Amino acid sequence: MRLFGIIFVFTFSIAQTVQISVDRSRIAQDDLITLTVEVTGGKDFAKVDMNQVKKDFDIVSGPGQQTNIQWINGSMTSTKTLTWTLSPKRDGILLIPTLSGTVDGKPFRGKTIQIHVRNSEESSDNSVFIVGEVDTKKAYLGEQVTLTYKLYKNENISIEPFQLPEFPGFWVEELYTPQRIQYRNVTIKGVKYQVANLGQVALFPIPSNKHIIPSLKVKVQVEKRKQKRRRDPFFDPFFDSFFTETKTKVLRSKETKIEIQSFPDPRPFDFSGAVGSFKIVSSTDRDTAKVNEGFTFTISMKGTGNLGLFSLPEIKFPEDLEAFPPTDKFEKDTFRDDLTGTQSWEYILIPRTAGNLTIPRIQMSYFDPKVGRWQRTQTDPIEIPILPGDTELTHGSGLTKREIELIGQDIRFIHTNPVEFGLSKEGRSNTAIFLYLCSMLIFVSPTFISKYTGHRLSTSEGRKIRGALRTGLKELKNGTGEPFEIASRAFYIFLKDKLSLPSHNLDPSSVETCLNKRISNESLNNILTLLKSCDAGKYAPGGLEREATILTEMASIMKHADRVIV
Amino acid sequence: MGLADIPNDLFSQGNNAMIAEKYDDALQLYESIIEIGYHDSNLYYNLGNAYYRLHYIGHAIWAYSQASILAPRDIDIQHNLDVTLARRIDRIELPESFFLLKMYRAIKSNLTLREWIVLGSIILLFQSMWVFGLQFGWFRGNMSQSILTGLMVLTLGIHGIAADKYFQNNRTNTGVVIANGVDAYSGPFYGENTVLFRINEGSLADIKQSQKDWVEIILIDGKKGWIPSESIRTLK
């Protein structure tokens, strides 16, 4: 190995030296460099912390250990060497950072080493490369992105075993893994290449903050023919194969960023994450069933898209049907690039009541990225007559007797008579408005009628005035207590109604003031005399002889008063 | 053919489609009559039958409810509504309400708002005539007074019911859920863990407010949540 690069020598004591070196400092991106840590005079290998290096470089192999012992002039020198093969992760000026470690328990620190990495495309060497091809760079969440890694070569190479990288942010479904690498011939820009498919995966973006397809790393041995060895044309064809030189390279594909598009609004309510193109069909295994006898109900979804990444919207079976959790089956159709297949769910259903059973319609919305629109697929409802079973169990469906009766019934037929259609905005009723106006008129009409005809209206006061005599006579007849008391009270009640007084708590003098000027003095005197004698009879025993006649006297005087009081 | 014949023409076409069991066609025809602004209880009734035959339980309940609002005493409508309601998946049990309240509601729903108003106006007319008679002294005595009081109570009561019905129709906006397995969210957007409950077609719900593509509903048992507006159909 030619020691090209920079050598740092650290001397701790006379006995131990540590050298850190790389074999070259200018490389192409697909080239490898060898990092060597050599300890001279130590008892053991150096212990080196390589974590810092991993930032910019991949460790392709290592550490390799090698011990040399030399005897020079009788003194022994032992050299213990550790080697790593490193592959740069990117182009530009990369640094192998300060390496630190220990030798025989003593620490050491190295210096940073600069490595200039050329972009492999700029380098003239385009003989071998890997490309990660995606069918689209813009995808919706759940839309399939097909990724194919292809190896192009026009030199003899041998590929070491490799693994596909992890795909963070994607749900991965492998479509193709080569058993044996097979090449086809293609021509790109006039250069003949052989191309091989290294693997194909279907990637479905899942919610994540980053959607980057990482690069695939493959280590290859490139055979380089030795130049200008045409010493003997005779031997050449045969010996050529022995005289080839191999060079190890790490090939990387470019990272690809997938841009995630958001779904158009509004999102349908029965969207459960399905993206692609689907159709659902449901079926039962029989046409009729008996109560408490199970039958199977199958929903199968056929389509292309992120099958397996979403579930059906929850199915609500009727209450008189017992459903067991479904078994889920997925058959992949392997002969396609798009993930295609049939997913089916099988339910065991046990009807608990007889009658016509309807298994509801199942519907699901999905997003079709090809047309960029929401689509809906739905099954037809299935009707199964349920015959009565051999033993009818008491049902616990929570239905009332009336409801069960109703479930067994059909709806009535349509009404076919021609109808008078109304405009739906029309809300008022002209009849009602007319009737309201009429009643208003009738309410106010008496006022006008009385104004123009002079008719006395029957108000409650008027009715009272007219009924005053009757009320007074009734009191005379039915009143309780002493006759004198009844007689005077009856007159006061009569007078109160007749004159619309506020109260019937009157006495002869207030009667005098009320009736003064309204009737003749003679009548007034008669009334007052009678009232006074009533009072006298009430408080003095002297009026006893008048007791028998006082009521009839009062009646006649009241009748007279009713006539004369205007 | 006059303009007024169009709805009847569509209606008879729809009926013929129903008889021919072409329910999809019938549905389109009936819906187009509603679309151009006409309505009738028989139209909604037949539309409900079309939806029922196609197993759209939610739509059928919507149509029958609409018919029932227009013709509350039609026994066919009531029967079909009951049969359809029995086929719902969700059953929200309500506590038994006070019997007077139940009676009041039964009485109130027995007539349409317009019928209540007409009835109220007839009673008011009668009352006005009675007052007229009293004032001219045609009726006398305590009996005629009590009749007047009775009439006043009746007028007030009927107009009270009409007002109640009017405000009920205008303030609350009731809808019928027309889709199965609708998740109700706590806000007008698809959140992550905010599904409050799930309702199925045929459930009645009051619509409290609406946002773009979303409505806030209250179920009769008091649950509140937001659902996409395309999953509910409003009763008018």
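Predicted model: local features only at pLDDT ≥ 70, side-chain atom pairs only at ≥ 80, totals over all residues.
**Strand pairing.** I started where the two chains pair up strand to strand: β34(A) is joined to β1 of chain B, residues 38–39, by 2 bridges, and the strands run antiparallel. I then looked for a facing pair and found A:G422 opposite B:H39 in β1(B).

**Contact and area.** Next I looked up how far the contact extends. On chain A, 58 residues are in contact with 66 residues of chain B. I have the area buried between the chains down as about 5500 Å². Carbon and sulfur atoms give 59% of that area. Which three residues supply more than any other three of the area that chain A buries against chain B? I got A:F269, A:H415 and A:F421, which supply 15% of it.

I counted 2 salt bridges between chain A and chain B. One that I looked up brings the side chains of B:D76 and A:R412 together, at 3.1 Å from N to O.

**Which elements of chain A take part.** I listed the elements that give two or more residues to the side of chain A touching chain B. Among them are strands β30 (355–359) and β32 (373–378), and helices α2 (401–407) and α4 (460–466). Which element gives the most? I found that α3(A) does, with 11 residues.

**Make-up of that side.** Last, I sorted the residues of chain A that touch chain B: 26 are nonpolar, 15 polar and 17 charged.

Notes. Residues numbered from 1 in each chain as written. Chains lettered and ligands numbered in written order. Heavy atoms only, no water. Contact = heavy atoms within 4.5 Å. Buried area = accessible area lost by both parts, 1.4 Å probe. Salt bridge = Lys/Arg side-chain N within 4 Å of Asp/Glu carboxyl O. Helix = DSSP H or I, 4+ residues; strand = E, 2+ residues; numbered from the N terminus. Nonpolar A, V, L, I, M, F, W, Y, C, P; charged D, E, K, R; others polar. Pairing = 2+ DSSP bridges.
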